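Opening the notebook on a new model.

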Amino acid sequence: MPFARLATATTPTCHIGLGLAAVGRPGYINLGRDADLGEDRGVETLRARTHELLDAAYAQGVRYFDAARSYGRSEEFLADWLRKRTDVDDVVIGSKWGYTYTADWTTDAERHEVKDHSLAAYERQRAETEALLGDRLDLYQIHSVTPESPALTDKELHARLAEAAGRGLTVGFSTSGPAQADAIRAALAVTVDGEPLFRTVQSTYNVLETSAGPALAEARDAGLTVIVKEGMANGRLAAAHAPKALRAVAEETGLGCDAVALAVVLRQPWAGVVLSGAATTAQLASNLHAAAVDLTDDQLSRLAALAEEPRAYWERRGELPWH
C-alpha cells in the first residue's frame, strides 16, 4: 500500500492531499472560480498555477496528489512537475479512469466529461495515464462508481485490475451521488480469487453531506485507505457562501470557514487523507490550517446540524454551473 509511506510522516499536514480538479482544466463547478482563476486560463497559465500549488503543498508537508483523466491536463501538469522536482521521491500519486474529458479546453462545452466504466475504456485510459506518469503512478481509481456501475460486476475488468495490482499498482475507486454508501458496500464485496480487489475508496464527505460516513468506517475496518473529496462542497462551505453556523464557529476559532470545514472531516477516525481542492496558494495555506483546528463538542454539534438529505445535496450539486 503506497499510503504506508505516510504512516511515518510527522508533519500535521501529511493527511491532507491536494486534488487537481480545479486547476487541470479551465472549467469546473466550484463556486468563486471567476475570482480564483481570472480570465486567463490558457494551458501554460494553468500549468504554471498547478506547479506553484504543488510546490507550496509539498513545502508545507502535503504528500498525496490526486489527478484524473477527466481533469483536463492534470496528469500532464503533474508529470511535468515530477520531472522537474527530482528531489521529490516521498509522495503518493493517484489518478482515476472512467471519465473522458470532452470540453476541448473551453468553459461552455455542452458536455465536459463522458462516463464509461467498460474494460475498453480502462485499457485506453490506463495507457494514456502510463504514458504521462509511468512508474510514478501509485494508485489508479475507478472514477465515480455508483451502485449501478458495470465496474462492480464486470469480472473481466476485475481480472485485469487484479493483474495491475499484482504488478504493484494499488487499485481503488471513488464514489458520487446520493447512494454512495451502497456503492461502497458493493465494492467491498468485489473479490478476485478470494481476495478483495480494492484497497482505497475516495468519497464525498463534508458537513452538508455525511451519509457515506458509516460505510466509510466499514471500509476502513476492512483495511482500505479512505480518501475524502469535496470537503468544501464545491465552494459552498467557503466564507463567501458558508452557512451561518459555520461562519460563527470559524469566528470563534479565529480561522477560516474552510479550515473548520476540513477539520470536521479530518477528525473522523476513518479518514486517511482529506483532499484540498485549492485553486490558489492562499486557499491552500488556509486549508492546511485545518490540521490545527480544535473543535469543542458544542461546536461540532452545531456543525452536525447542517447536514442535508443526500438526494437534496446531490440535486443542488448537479445544478452548479461550470465556470
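Below are my entries, going from the whole chain to single residues.

**Ground rules**

I'm working on a predicted model, where local features need pLDDT of at least 70 and side-chain atom pairs count only at pLDDT 80 or more, while totals for chains, interfaces and linings use all residues. I number residues from 1 along each chain as its sequence is written, and side-chain values use heavy atoms, with hydrogens and water left out.

**Overall build**

Next I checked the radius of gyration, which is taken over C-alpha atoms. The protein has 18 Å, and this agrees with a compact globule of 323 residues, because that would come out near 20 Å. The rule I used for the globule is 2.2 Å times the number of residues to the power 0.38. Along the principal axes, the C-alpha atoms fill a box of roughly 55 × 45 × 40 Å.

I then asked how much is buried: 55% of the 323 residues are. Buried means under 20% relative accessible area, exposed over 50%, and partly exposed in between, using a 1.4 Å probe and protein chains only.

For contacts (heavy atoms within 4.5 Å), I took those with a separation of 6 or more, and 79% of them join residues 24 or more positions apart.

The accessible surface is about 13,300 Å², with 49% of it belonging to carbon and sulfur atoms. That area comes from the Shrake-Rupley method with a 1.4 Å probe.

Charges next: I have 33 positive and 45 negative, and their mean positions are 1 Å apart. Lys and Arg count as positive, Asp and Glu as negative, and His and the chain ends are not counted. I place each charge at NZ of Lys, CZ of Arg, CG of Asp or CD of Glu.

**Cores**

How many residues does the largest nonpolar core have? I get 97, and L18, F65, L78, F173, F198, L246 and L295 have the most contacts inside it. Helix α9 (residues 257–266) gives the most to this core, with eight residues. There is also a second, separate core of eight residues, and L6, I227, V273 and L275 are among them. A core here is a set of buried Ala, Val, Leu, Ile, Met, Phe, Trp, Tyr and Cys residues joined through side-chain atoms within 4.5 Å.

I followed L18 further. Not counting residues up to four places away in sequence, L18 touches a list including L53, L54, V62, F65, L275 and L284.

**V226**

V226 sits in strand β11 (residues 225–229). Its relative accessibility is 0%, so V226 counts as buried. Leaving out residues up to four places away, V226 touches V201, L216, A219, R220, W270, A271, G272 and V273. From V226 to A271 I get 5.5 Å, C-alpha to C-alpha, across 45 residues of sequence.

Is Y313 buried or exposed? Y313 counts as buried, at 1% relative accessibility. It belongs to helix α12 (residues 310–319). Setting aside neighbours within four places, Y313 is in contact with T204, N206, L208, E209, A233, N234, R236 and E308.

D104 lies in the loop between β4 (99–101) and β5 (113–115) and is exposed, with a relative accessible area of 65%.

Last, I looked up D221 in helix α7 (residues 213–221). D221 is exposed, at 69% relative accessible area.

How values were computed
Helix = DSSP H or I, 4+ residues; strand = E, 2+ residues; numbered from the N terminus.
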